[in-house]
Every structure is written in structure tokens, then in C-alpha cells.
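Have the chain open beside you and follow along as we go.

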Amino acid sequence: METGSSSNPVDKSGTQRERAKTNTNLGSMLPKIEPFVARTDHNPRELRSWAKRTGFISTFSSETTTSNSGKFDSSTGFDLEKGVHHHKNGGSSPKIEIDPVLGRTRTARGSEIEADSGSASRTGNGLRNGNDRSLGLRDENKRRRIGDESVLGVKGEERKFGLDGNGNVNGNGNRNGSVNGTGNEVPAAIPALEPKKEEENALTDTGFEIYQDGDDSASGGWHRRSGMKFGLRDNPGFVPLMYYGLQHYLSLAGSLIFIPLIIVPAMGGTDKDTATVISTMLLISGITTILHSYFGTRLPLVQGSSFIYLAPALVIMNAREYRNLSENKFRHIMRELQGAIIVGSIFQVILGFTGLMSLLLRLINPVVVAPTVAAVGLAFFSYGFPQAGSCVEISIPLILLVLVFSLYLRGLSIFGHRLFRVYAVPLSVMIIWTYAFFLTAGGAYNYKGCSPDIPSSNILVDACRRHAYTMQHCRTDVSNALRTSAWVRIPYPLQWGIPIFHLRTSLIMIIVSLVASVDSVGTYHSTSFLVNSKPPTPGIVSRGIALEGFCSLLAGLWGSGTGSTTLTENVHTINITKVASRRAVVLGAVFLILFSFVGKVGAILASIPLALAASVLCFMWGLIVALGLSTLQYSQTASFRNIAIVGVSLFLGLSIPAYFQQYQPESSLILPSYFVPFAAASNGPVHTSSKQFDFAINALMSLNMVVTFLIAFVLDNTVPGTRQERGVYIWSHPEDLVTDPSLHADYSLPQKVSRFFCWSRCSHT
């Protein structure tokens, strides 16, 4: 990489000698920093080597170096615990402050360098006091703004910088480098040239960010790069809102509609039941998203049936007493799930409204959230491809197509829209679904003397019995939901009957709701920075968790099969759509409610072949794993402490449930192989005098996310570590809601609601 020289000969004039003598003490403690001079054809990743030499902090998680002693860099001697740079010669040095956003270091706000009296009045040498915190590496009148155009460029302004023979920076201010005590000049930092348009995406994907420390009265010093097309409170108009709202939900289609395709057939439901559950999920997702947008955290987060509740639902429905049910099996299991979800949701409401969540926030950090969320996706590795592998001619092309659209073609723009990046999942599903239709119509799944309409248990011919599984999972004409469903059907509460309450299933859902709350905390924190806002206060987080509990209560009453929570995939969706408008999410939720009233919509979605749905879920579960591990960017990932905690938590989170799942003396002959790991609750190794307690403990210990969460929670809060090493979440203070208008506008309740609560409090006093 081409760089400028960090050491230039000093002019022999008397002025320069006098300046060198004056700065002897000052220059002895400054590191030799060479400026970065960009090339037009440079690779953005080559910036890493320059960053290591100069101390530049990027969002590369691997850039963060640490040791067990809490030192940030052994070469510079930055002590993050004391915030002081201890120089070997004992000289005074700039203080170090921890960035409240990511826990990284930045220079302190006051006077970093106490210059000699003779040098204090000098200007132009890049060494300033007061609010200029960058030791001459920044022009105090020009702040580099990072936007959609470039990470290292300036929008609408082209600035050229160069070095003359004396190391002077020729630009908008003709600043000279400062002379240190050794007679060498430390030139001021040179802003890089604006990269080419094709390099812009590479820089953005790489993750470089430059944090400016200037005070901003509007944001309180939390000004961050935001590449959003529309911010949290923006209103681009009805037509754009409609487009972006539908776009938001289409990108989340895999999370919203594919859970019923798994649980309803496993519960013994018909195709019509699958269509009804899908319509119910669309209704609940729309209602709960609107509630959360107005009364929760007010972040642009879609609520829906999360995969967190899928594993415990599979455990409950595969209990021993439900395996031999033949009559009304679906309704009985659904009512059991409804009762468990209602109890778990009440616990979540209590957790939020009593303030216990605010206390729990002190113990929830990225090192806990990351392995817990990752374990949610890893829990289904035994279901994913074994189910999709029944039709490799459909599943493999679908997985490859999703990867090509979302990775290889993500930068391709068509009429200004990156369709492949935003609509990777729905486009792939439509293409492969059409391909599967032609395979079915062409007779690829026709077997002589065999009918796909006959259940496999009633097939007498051995040859047809072998092909029954393939026909049920691959053909596009197997489902009769489109023929039997009504055009208009409104889901209503208790549509499956009165919920059934049991202690064993209630205990399971209580713990699962706690895990769902931990997942939501990580999503709140990540989304707040993604939409260029301050993090919410602990009270706002508690309010959001309480409302999620209320939304799960609605899901339990309506009978969607799983609880409602903030979808982890929201972070990915906002990042790829670049739309964070709260109004767009609300308008999209309104359309979701309208679609739920049309029975044929749910019927069409219910006719998706199971192999195709399983293939999409393979990508979705892998994405959840990646999103969970990406939370570690807020901590020091190079720390052995964090590496050990995350690694041990994930390994034991997979290994301990495997021990409980091996106790399957009877179920292996009754259940499909991909459901055997979820049947450990009835046959686990825990045996006490209470069968209800045995079932609950065996079930919880067979859930990967629960075991991972417990291990990571205990280790992270007992193993010694600094706050910046752990990446402790920094939440806003309650008084900031009064002093900061932007924070108040982002998170405060609507005015009419606030007036109502104020009137209620005043009337009772």
C-alpha cells in the first residue's frame, strides 16, 4: 500500500530549530504516525494494515486487540481501565475515553496535551487544545460527514490534499505538520480521496466507520453514520410508504409464513388448518407490530411468530401422550400450546411492567446474547436438510438461488433498486415453486398405481409406500387448501377451543419467554444504532418487553401455535432495505391484517411444498446464527475471555441437549427421524417423584437455546472482565428524555397516550 513518509528532514532555519527545542518534551511522547494516502485502485481491506500502525478504529471485530490485563494496545500503552496513557518516560499524555456506543476508545474531551507556554499560542501545527480532540488530525472547522456517498469521502465537495517538500499538507487550510522533539515532523492526517462508485459498496460492506467526537446539540454527541433512505420519523408520502412497507414484509416472508408449514402437519392438522393458522399469524403479526410501533419501544421492528418458540412447540407436541392420538389431535395439541403461551406471556408482562427487566438488563450483554441467538438457529440442524433432502432436485437449486441472489448479486441495481438483495427469499421461492410445478405437471412424481391423496398409513403396496414420502413433500398439487378454504374468513379468539393449562408446559414457556426477552434486548440495541438513534432507556426496554408479553397473550388467545416476539431478522431487513420509517412498518402491518381476512391468501401459502419450505428455512436459520454472532462486534472479540465463554456455551449448548435426546427407547419407532430430538421430554434421564417436573426439566435441558443461555449468562457474570472487554450495553438515562429532543421524539409515547397516562396518575394523587 502506498503511504506517505512519516519522517521528513527539518529545515535548517533558526525558526525550525527553536520550534524543535520547544517541542522536545511534547514530541517525545507522540507516536510516529504516517498518514494514509489513498490510491485510486486500492483494496478497502488494505486499510487494516494502516489502521494497525496509526491506531485507527474500525468496525472490524477482529481489529480489537486486548489481553487479560485489560490493555488496549501494548505498543502504545493505552490503559482502558484508568483511561490514561502511561508513557515509559513518565511524560504527560492524552487521556483516553471509552466510546459509549461500542465500548471502544476515543480521545478525551478536554485538553489532551498541555503544551509549553511558548507553544500554546502557536497555530497551524496541528496541536490544539479545547474541543479539538484529534491531536491535529482533524480540521476543527470541517467535519468529515459519512453518508451514502462514501465512508472516507465528502458529499458534494472534492478536496485534494498533497505533501510538499517540507511535509506540509496542501489542502483547504495549508496546515503544517508539527515538529516533535527528535527533529522529525509529524504531518497532519490526510483525508483520503473520494473512492470510486464501485468501491463505495465494498467499503460499506467491509464495515469501516469514522466516529467524530464533535458535540451536537441535537444528538448529544451520538452522531453516527446512517445510510438510511428514510429515518425513524420520516414520512415520504403514502405511495412510497406503501411500497416500502410491503417491501419490508416481503423480505421477512420466510420468518412469517413457514412456521405453520412445520408445526401444523406435525400436529396432525389438515391443509385447511394450515391455511387458517397462516392467516392467524398474519393477523397477529399485523396487530402486534402496530401496537409495538406506538406503545412499545417505537422502533421499526416487525413482531411475529419467532423461531424461539418453534423448538419448545415441537417438544410439547411430541410428548408421549400425544403420539397415539388420532381424533382431534391437532385441536388438543393447539389448546395445550395456547395455555402454555398465555402463562409465559403473563410472566413476560410482569417482567416488564414491574421493572425487573431493568435490573436484568445489567446482566445481559453481547457475550450472553450472541451465543443464545446463534443457538436458536443451530437447534434445527437435524430438521433442516434432512427434511429438504426428500427432494434434492428442488431443495438444492433453491438454496443455491437464495445464496446467489443475497450474496453474489446483492450489489446489482435494476432501475435504482437492488431487487436481488431485498427480495432474495421471495424471488427464489417463486422461481423454484414454478419449477416444481412444471416437474409435477410433467410427471416427475407420478408412480404407477400410487396416489398422493392416500395417506401413507393406508397404503398397502410396498412400492407406493416408498414413494409416498416423496409425493407428499415434492408435488405442488398435494394440498387441497385452495379448494376447501373460504374467500373471506376472519380469525377470532379461541377458535380452536378453550386453552388447556398444565404446570409442565407452563414452566417450559416461562423460561422460553425469558430467552425471547434476551433476544429482543439485543435486537433493540442493534436496531437503535442502525437507525441512527440513541439507545433506549432501561424503562423503554422494559416497556417493549412488557408489550411483547401482551402480544404473546394475544397470540395465545387466537391460537397461532407460537408466541409473538421481535423477529431477529429485523436487523438484516432494515440493513438491506435502508428504510427505517416507523410509518412504513405500520402501513405494511395494515396490509398484513387485510391479507389475513382473505382465506385464499393463506391457502396459497399453505400449498407450498414442504421440501421447498425446509430449504428456505435452512437459509433463514443460518442467517439467525450469523445475526446472533454479529452481536459480538460490540465486545472485544479478540479477548480470550469472550472467546472461551462463547465457544464453551455453544458447544455445551449443543452437547448437553444431545445427551438428553439420546433417551429414545420408544419414540424412534413412531416419530420421523427429524422429530426424534424433540421427543426427549417424555424419556429423559431426570426422574423424580413429580412427573410434571420431570417433563419440564427434560424438555428444557433438551433445548439448545436454553442450555446455551444459562451457561453464557453464568459465565459472563462471574468471570472477571472489564466493561469494555465484555462490551457492556450502554443505555440512555431517563433524564435524557427531557433534555434531548431527538431521544424524546424517537421513543416517547404519542402525545394523546402520554396525556392519558398523565391524567390517570394525577387523578389518583
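Helices (H or I, at least four residues) and strands (E, at least two) are DSSP runs, numbered from the N terminus. With that in hand, Q303 is found in strand β10 (residues 303-305). Before going further, note that this is a predicted model, where local features need pLDDT of at least 70 and side-chain atom pairs count only at pLDDT 80 or more, while totals for chains, interfaces and linings use all residues. Residues are numbered from 1 along each chain as its sequence is written, and side-chain values use heavy atoms, with hydrogens and water left out.

## The whole protein

The protein has 32 helices and 11 strands. Buried residues make up 55% of its 765 residues; buried means under 20% relative accessible area, exposed means over 50%, and partly exposed is in between (1.4 Å probe, protein chains only). The accessible surface comes to about 33,100 Å², and 60% of that belongs to carbon and sulfur atoms. Such areas come from the Shrake-Rupley method with a 1.4 Å probe, and for residues only the protein chains shown count as cover.

What about contacts, meaning heavy atoms within 4.5 Å? Of the contacts with a separation of 6 or more, 78% are between residues 24 or more positions apart.

## Back to Q303

Is Q303 buried or exposed? At 0% relative accessibility, Q303 counts as buried. Leaving out residues up to four places away in sequence, Q303 touches S285, T288, T289, H292, E548, S564, T565, T566 and L567. Take T565 from that list: Q303 and T565 are 262 residues apart along the chain, yet their C-alpha atoms are separated by 5.4 Å.

Now compare a spot in a loop. G269 sits in the loop between α7 (259-266) and α8 (271-295). Neighbours within four places aside, G269 is in contact with V264 and F330. From G269 to M334 it is 65 residues in sequence and 9.8 Å in space, C-alpha to C-alpha.

Helix α17 covers residues 424-441. Its 18 residues should span 26 Å at 1.5 Å a residue, and the end C-alpha atoms are 26 Å apart, which agrees. (The expected span is 1.5 Å times one less than the number of residues.)

Which residues of α17 are buried? They are A424, V425, P426, S428, V429, I432, A436, L439 and T440. Seen down the axis of α17, these buried residues fall within an arc of 165°, so they line one face of the helix. That arc is the one made by the directions from the helix axis to the C-beta atoms. On the face turned away from the buried side you'll find the exposed residues F438 and A441.

What do the buried residues of α17 pack against? Their partners are α5 (238-250), α6 (253-257), α15, α16 (419-422), α18 (462-474) and α25 (610-630). Just after α17, G443 takes a positive phi of about 85°.

F385 lies in helix α14 (residues 384-388) and is partly exposed, with a relative accessible area of 39%.

## Salt bridges

A salt bridge is a side-chain nitrogen of Lys or Arg within 4 Å of a carboxyl oxygen of Asp or Glu. By this rule the count comes to 6, and the table shows some of them.

| Pair | Closest N to O distance |
|---|---|
| D746 and R233 | 2.1 Å |
| R726 and D716 | 3.2 Å |

Start with the pair D746 and R233, 2.1 Å apart at the closest N and O atoms. D746 lies in helix α31 (residues 741-747) and R233 in the loop between α4 (197-206) and α5, so the pair ties together parts that are 513 residues apart in sequence. D746 counts as buried, at 7% relative accessibility, whereas R233 is partly exposed at 41%.

R641, D716 and R726 are linked in a network of salt bridges. Both D716 and R641 are buried, and R726 is buried too.

Note on methods:
Contact = heavy atoms within 4.5 Å.
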